[in-house]
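Here's a quick look at one protein model, from the whole chain down to a few backbone details. Have the structure open as you read.

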Amino acid sequence: MLLKRREFEMVSRQEIEKSEELKKCNFYDPHFRGSFKLHFQPRRATKNSAAYDLYSPIRIVLKPGEIAKIPTGFKIKMPKNEAFFIYIRSSYGAKDIILPAGVNIIDADYYNNPKNEGHFFICIKNNSKKDFVIEEGDRIAQGVFQKYYTCGETVKTKRSGGFGSSGTK
């Protein structure tokens, strides 16, 4: 049976506590996770928005040329034939803030992987010549669910890890 529902879920308290940055978030309380979810859960801005706004739960200062891997605190459940594509916000692109890979792609089998539960991050780079400040709660990127098709080949390899785990070759 194919999963038809898409859902953003918070990662476990143990997963969040692996991230020093997230533990400093003003809205993180291990006993009351609702505040964090209320402030940072990805959501669409309008009823006709295709993309979900993605928020930074941490404050960070990016130096010129610096790349940061920003934790979101969330994982994504989606059908097997979909992926979640993350793009930089156009207002950031105009300031020369980019995603180093151009687009970040979260595959359906990233959800609940054994290494990090599917906790997805947003890699962002400051290509400008001055410091760039991202405040806690800033919208930093947008994500879109997209269906994809294959050419019928059979792939038997299963995901075994988290970020960058589908291989380096």
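## Ground rules

This is a predicted model, so local features need pLDDT of at least 70, side-chain atom pairs count only at pLDDT 80 or more, and totals for chains, interfaces and linings use all residues. Residues are numbered from 1 along each chain as its sequence is written, and side-chain values use heavy atoms, with hydrogens and water left out.

## The chain overall

The protein chain has four helices and eleven strands (DSSP runs numbered from the N terminus: H or I of at least four residues for helices, E of at least two for strands). Of its 169 residues, 41% count as buried (under 20% relative accessible area, 1.4 Å probe, protein chains only).

Take the contacts (heavy atoms within 4.5 Å) between residues at least 6 apart in sequence: 74% of them join residues at least 24 apart. The chain exposes about 10200 Å², with carbon and sulfur atoms supplying 51% of that (Shrake-Rupley method, 1.4 Å probe).

## An open sheet

Strands E4, E9 and E7 line up in the order E4-E9-E7 as an open, antiparallel sheet (strands pair if DSSP finds at least two bridges between them). E4 (67-71) and E7 (97-98) sit at the edges with a single partner strand each, so one side of each has no neighbour in the sheet.

Five bridges join E4 to E9 (residues 121-126); Lys 69 has Cys 123 in E9 as its bridge partner.

## Two positive phi values

Asp 96, in the loop between helix H4 (90-93) and E7, has a positive phi near 70° without being a glycine. Asp 96 is partly exposed, at 35% relative accessible area (the class between 20% and 50%).

Glu 117, also not a glycine, has a positive phi of about 65°. Glu 117 lies in the loop between strand E8 (104-107) and E9.
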